[in-house]
Amino acid sequence: MRTVSRQAIEWLSAAATDPRECKRQWHSEGGTAVLGCGRFWDVLSVPEELAVPALEALLGIPQPPGPALVDTSARRVAFFLPPDPEGRWIGSGIRYAGKGAWVAVPAPHRAAGRLRWLVPPDGSGALFVPAAVELALQLALGGLAARERTKRRCPACGASVPGPPGRGGGRTV
């Protein structure tokens, strides 16, 4: 097993009540373990349509990224942040898991069912910087709002309709 992968397994499983049992669960049929938040990290869960552009922005800065996990069924992305007992995140669809909360995760560098690492832990303990995540989410929200303003609306019902290709609000494939 590669050193980075082993370090990631050790780092991630250290958050478990029983690290050995955690590793066994990762190798079982389900392939996930439930780990506590608040000791090594907190988790910010964001709707996918906002999280993906934010993650792209975060991966473009020189700061090493923290782990990011996607739940493909729920269409949510979880950003791993430093523990913050006073952590307060407010926003539509934003969920913050700190001390006393739990998160299901697959083994590093693996997928399990609907859970997949977008950025797997590397074992270094790197986490996303909360201020950078907040700024990236604000930028992503601004981008979503700008796209929404350029959509055409049905005059009868007000629903969004695709515009003609090559014109504002249209989608070109």
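Visitor: A pocket here is an open set of grid points, on a 1 Å grid over the protein atoms alone, with protein on both sides within 12 Å along at least five of seven lines, and its lining residues have an atom within 4 Å of a point. Which residues lie nearest the centre of the second largest pocket?

Guide: Please note that this is a predicted model. Val43, Ser45, Arg76, Ala78 and Val103 lie nearest the centre of that pocket, which is lined by 16 residues.

Visitor: Which elements give two or more residues to that lining?

Guide: They are strand 2 (42–47), strand 3 (68–71), strand 4 (76–81), strand 5 (95–97) and strand 6 (102–106). The volume of the second largest pocket is about 250 Å³. Its lining comprises twelve nonpolar, one polar and three charged residues.

Visitor: And how much space lies in the largest pocket?

Guide: The largest pocket holds about 310 Å³ of space. Its lining consists of 15 residues, and those nearest the centre are Leu50, Ile90, Gly91, Ile94 and Leu137.

Visitor: Which element supplies the largest share of that lining?

Guide: Helix 4 does, with six residues. Helix 3 and helix 4 (130–150) each contribute at least two residues to the lining of the largest pocket. By class, that lining has nine nonpolar, three polar and three charged residues.

Visitor: Let us stay with helix 3. Is Glu48 buried or exposed?

Guide: Glu48, which lies in helix 3 (residues 48–59), is buried because its relative accessible area of 19% falls under the 20% cut-off.

Visitor: What does Glu48 touch?

Guide: Leaving out residues up to four places away in sequence, Glu48 touches Pro53, Val70, Arg75, Arg76 and Val77.

Visitor: Where does Arg75 lie?

Guide: Arg75 belongs to the loop between strand 3 and strand 4. Its phi is near 60°, a positive value in a residue other than glycine.

Visitor: What is the phi of His109?

Guide: His109 has a positive phi of about 65°, although it is not a glycine. This residue sits in the loop between strand 6 and strand 7 (115–119). At 37% relative accessibility, His109 also counts as partly exposed.

Visitor: New topic: how many disulfides does the count come to?

Guide: The count comes to zero disulfides. A disulfide is a covalent bond between the sulfur atoms of two cysteines. As for individual cysteines, Cys22 is buried at 2% relative accessibility, and Cys37 is buried at 6%.

Visitor: What is Trp26 in contact with?

Guide: Apart from its neighbours within four places in sequence, Trp26 is in contact with residues including Ile9, Leu12, Gly31, Leu35, Val105, Pro106 and Arg110.

Note on methods:
Residues are numbered from 1 along each chain as its sequence is written. This is a predicted model: local features need pLDDT of at least 70, side-chain atom pairs count only at pLDDT 80 or more; totals for chains, interfaces and linings use all residues. Side-chain values use heavy atoms; hydrogens and water are left out. Helices (H or I, at least four residues) and strands (E, at least two) are DSSP runs, numbered from the N terminus. Buried means under 20% relative accessible area, exposed over 50%, partly exposed in between (1.4 Å probe, protein chains only). Contact means heavy atoms within 4.5 Å. On a 1 Å grid over the protein atoms alone, a cavity is a set of points where a 1.4 Å probe fits but cannot get out, and a pocket is an open set with protein on both sides within 12 Å along at least five of seven lines; lining residues have an atom within 4 Å of a point. Grid points are joined across faces, edges and corners, and a volume is the space filled by probe spheres set on the points. Ala, Val, Leu, Ile, Met, Phe, Trp, Tyr, Cys and Pro count as nonpolar, Asp, Glu, Lys and Arg as charged, and the others, Gly among them, as polar. A disulfide is a pair of cysteine sulfur atoms within 2.5 Å.
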